[in-house]
Each structure stands twice: as C-alpha cells, then as structure tokens.
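Work through the following exercises with the structure in view. Each task is followed by a solution in steps.

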Amino acid sequence: REGKATLPLILAMQRGNAQQAATVRSAIETGSIDQLDEIAAIVRATGALEATRSAAAAEAQRAIDAAMRLPANAHREAMVTLAAQLLARRA
C-alpha cells in the first residue's frame, strides 16, 4: 500500500510468470490493494512466503551466532532469546 517492494513481493515477481509479476508490480507502483487476495495467492503459489521465512530464519541464526561472540550478560541473552523465538516459530 505504501509502494514498498518487500521481500515476499520481490520473490513473487522473480519466481512468478510474466502476468503474476505484472500484477504484483502494478500493485506496488500504484499502492492499490484492490487485488490483495490475488497477490497473496501469487506470493503463496510462487513459494515466496516460504522463501521469505527461510531468509528470516537464516538472519535470526546469524544474529544468534554474532551475539554469542559478545560477553555473556543479560543483554546478550535477551538478543539471543529474541532471535531464537523466530527460529522456534518455524518449527
């Protein structure tokens, strides 16, 4: 709606056929939500939603790995816990 191409929409345009990509691109450019149901279906059908979830999980794991190099304290544990919650949602 704000004209921002988020990762699920970018992946849907890359993975979809020409018509699907055009539908998503048009909605982004115009900010229209008239075809929201169709766009959501395209995102699911192209596997863009699962790919986005996988990318988010990979970034959460990177955050955990980076945080574990910091000195052990409550702040580090809070960051690790937050990132781990994302990973737990995938299971």
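**Exercise 1.** In this predicted model, find how the side chains of Glu59 and Arg62 meet, and state where the two residues sit relative to each other.

Solution. 
- Step 1. Glu59 and Arg62 are joined by a salt bridge, with 3.5 Å from N to O.
- Step 2. Both residues belong to helix H4, 3 residues apart, and are therefore separated by about one helical turn.
- Step 3. An α-helix has 3.6 residues a turn, so residues three or four places apart point the same way.
- Step 4. The relative accessibility of Glu59 is 44%, so Glu59 counts as partly exposed. Arg62 has a relative accessible area of 58% and is exposed.

**Exercise 2.** Decide whether Thr46 is buried or exposed, and list what Thr46 touches.

Solution. 
- Step 1. Thr46 is placed in the loop between H3 and H4.
- Step 2. Its relative accessible area is 14%, so Thr46 is buried.
- Step 3. Leaving aside residues up to four places away in sequence, Thr46 touches Ala12, Arg15, Gly16 and Gln20.
- Step 4. Of these, Gly16 lies in the loop between helix H1 (7–15) and H2. Gly16 is also buried, at 18% relative accessible area.
- Step 5. Gly16 and Gly47 are 31 residues apart along the chain, and 9.3 Å separates their C-alpha atoms.

**Exercise 3.** Name the buried residues of H1 and the helices they pack against.

Solution. 
- Step 1. The buried residues in H1 are Pro8, Leu9, Leu11, Ala12 and Met13.
- Step 2. The buried residues of H1 pack against H2, H3 and helix H4 (48–67).

**Exercise 4.** Describe the largest pocket and its lining.

Solution. 
- Step 1. The largest pocket holds about 220 Å³ of space.
- Step 2. Its lining has 13 residues, and Arg1, Leu9, Ile28, Ser32 and Leu36 lie nearest the centre.
- Step 3. Helix H2 (18–30) and helix H3 (36–45) each give two or more residues to this lining. H2 gives the most, with 3 residues.
- Step 4. By class, the lining has 7 nonpolar, 3 polar and 3 charged residues.

Definitions and conventions:
Residues numbered from 1 in each chain as written. Predicted model: local features only at pLDDT ≥ 70, side-chain atom pairs only at ≥ 80, totals over all residues. Heavy atoms only, no water. 1 Å grid on protein atoms, 1.4 Å probe; cavity = no way out; pocket = protein on both sides within 12 Å on 5 of 7 lines; lining within 4 Å. Points joined across faces, edges and corners; volume = space filled by probe spheres on them. Helix = DSSP H or I, 4+ residues; strand = E, 2+ residues; numbered from the N terminus. Nonpolar A, V, L, I, M, F, W, Y, C, P; charged D, E, K, R; others polar. Buried < 20%, exposed > 50% of the residue type's maximum accessible area, 1.4 Å probe, protein only. Contact = heavy atoms within 4.5 Å. Salt bridge = Lys/Arg side-chain N within 4 Å of Asp/Glu carboxyl O.
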